[in-house]
Each structure stands twice: as C-alpha cells, then as structure tokens.
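Here's a walk through a protein model, one stop at a time. Keep the picture open and find each spot as we go.

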Amino acid sequence: MTTAAVDVHYPESGGARAALVLAGDRHFATIVEERVRWLPEVAPYQPGRFFARELPALRTVLDDAGPLDLVVVDGYVDLDPDGRPGLGAHLYEQIRVLVVGVAKTAFRTATHAVPVCRGTATRPLYVTSAGIPLDEAAALVAAMAGGYRLPDALRRVDALARAEPQPG
C-alpha cells in the first residue's frame, strides 16, 4: 500500500511550492519519500474556486509518484452535507484514488465533517472523504503517526511546502 500526504504553499513572491510525503501504510508510520515541486506561475485566488488554484500544483507533485492507494489533503473533500465539491472531491475526480481531507478549521457549511481530536489537543481536526466511508477516514486520521493534534505526515508536508529553496 502506498499513501501520500500533500500540501501547497504560495510564497508572497509568487508561484507555488507543492510538497508530498509517501508512506507504505495508511498510518504514515514511516515516510519513504519526500518531494517538492515548484510552479513559477499559478492562477490567482478566486473565492469559491480554491481548487482551481491548488489542483495544478497537487497534480505536479502527484503525477510521477507512482500508483497510490490513498491521498491525504490539507483541507476539505466536500463543503457541505449535499456534496458540494471542495479540493479533495475535485482531486478524487481527477485521480480516482481514495482521498481524505483533514482541515484545521471548521467551515460553516461542512456540518457533516467528523471532528477528530488527537493527542492531548482539545481543538479538533475536521475530516471529510471521497471513496472511503467517512467513519473509516476519521478513524484513519485518529490513528495516523504522531502525538500532536496534526499528524506527523501533515506537519512534515506543510514544512516541506513552506521551506525556502536552498541554493544548489
């Protein structure tokens, strides 16, 4: 089984840094690969169309990752109980791989998202999913490696996306 966690950062200077960590299990107990891809140009932010900006960056880092069984995204899969698609749903439609969304803040219309408290955290993460039952996705997030609110894989992929490129 190969699982991925992905994230994108948009530096003030423009462009985007997409990052990915790969693991051989759903709990991300051992990261087996890390990668970062730079996109010099990205679409401007458009309210309600966040996915249009984020998807090209995610696809850049995912496209040569090999066959995947599961992708964890920083954000929502769907934005309301009726299935209004968010970033994760759009990604699922494109790659047809199970997608679990892990959001750090509540979105007012995402009343279906399952709150998951990890470690000693009192603030929950909000879990949504595509291709995998929501209760299974929430259990997966609860069991992901790391003792903090945010699973280690998501902390690492966020750090990779935010890291300044090293001269080389």
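In this predicted model, a polar atom of the arginine 149 side chain sits 2.9 Å from the backbone oxygen of proline 124. The side chain of arginine 149 also has a polar atom 2.7 Å from another backbone oxygen, that of lysine 104. To find arginine 149, look in the loop that runs between α3 (134-143) and α4 (152-162). What about a salt bridge for arginine 149? There is none, although the residue is buried; aspartate 74 is the nearest side chain of opposite charge, and that is 9.1 Å away. Setting aside neighbours within four places in sequence, the contacts of arginine 149 are Lys104, Arg118, Ala121, Arg123, Pro124 and Leu125.

Now follow lysine 104, which has turned up already. Its side chain meets that of aspartate 74 in a salt bridge, 2.9 Å from N to O. Aspartate 74 belongs to strand β4, while lysine 104 is in the loop between β5 (98-103) and β6 (114-116), so the bridge ties together parts of the chain 30 residues apart in sequence. Both ends are partly exposed: aspartate 74 has a relative accessible area of 22%, and lysine 104 has 35%.

Aspartate 7 is buried and has no salt bridge; lysine 104 is the nearest side chain of opposite charge, 5.6 Å away. Which residues does aspartate 7 touch, not counting those up to four places away in sequence? They are Arg17, Ala18, Ala19, Leu58, Asp74, Val157, Asp158 and Ala161.

One of those, aspartate 158, has a salt bridge with arginine 162, where the closest N and O atoms are 2.9 Å apart. Both residues are in helix α4, and since they are 4 residues apart, about one helical turn separates them. An α-helix has 3.6 residues a turn, so residues three or four places apart point the same way. Aspartate 158 counts as partly exposed at 22% relative accessibility, and arginine 162 does too, at 48%.

There are 10 salt bridges in the structure. Aspartate 64 is partly exposed at 46% relative accessibility, and arginine 37 is partly exposed at 26%. Salt bridges with shared partners join Glu33, Arg35, Arg37 and Asp64 into one network.

Let's turn from charges to the nonpolar side chains. In soluble globular proteins, nonpolar side chains tend to be buried together. Here the largest nonpolar core has 26 residues, and those with the most contacts inside it are Val6, Leu20, Leu62, Leu68, Val71 and Leu91. Two or more residues of this core come from each of β1 (3-9), β2 (16-23), α1 (50-62), β4 (70-74) and α2 (87-95). Which element gives the largest share? That is α1, with 6 residues. For a closer look, pick valine 6: leaving out neighbours within four places in sequence, its contacts include Leu20, Leu58, Leu62, Val71 and Val157. A second, separate core has 24 residues, among them Val102, Val127, Leu140 and Ala161.

Leu140 brings us to helix α3, where the buried residues are Ala137, Ala138, Leu140 and Val141. Looking down the axis of α3, you'd see them fall within an arc of 160°, so they line one face of the helix. These buried residues of α3 pack against β4, β5, β6 and β7 (125-130).

Phenylalanine 28 has a phi near 55°, a positive value in a residue other than glycine, and its place is the loop between β2 and β3. Arginine 96 also has a positive phi, near 55°, and lies in the loop between α2 and β5. Are these two buried or exposed? Phenylalanine 28 is buried, with a relative accessible area of 3%, whereas arginine 96 is exposed, at 51%.

Notes: Residues numbered from 1 in each chain as written. Predicted model: local features only at pLDDT ≥ 70, side-chain atom pairs only at ≥ 80, totals over all residues. Heavy atoms only, no water. Core = buried A, V, L, I, M, F, W, Y, C linked by side-chain atoms within 4.5 Å. Buried < 20%, exposed > 50% of the residue type's maximum accessible area, 1.4 Å probe, protein only. Contact = heavy atoms within 4.5 Å. Lys, Arg positive; Asp, Glu negative; His and termini not counted. Salt bridge = Lys/Arg side-chain N within 4 Å of Asp/Glu carboxyl O. Polar contact = N/O pair within 3.5 Å; in protein donor to acceptor, adjacent residues only side chain to side chain. Arc of directions from axis to C-beta.
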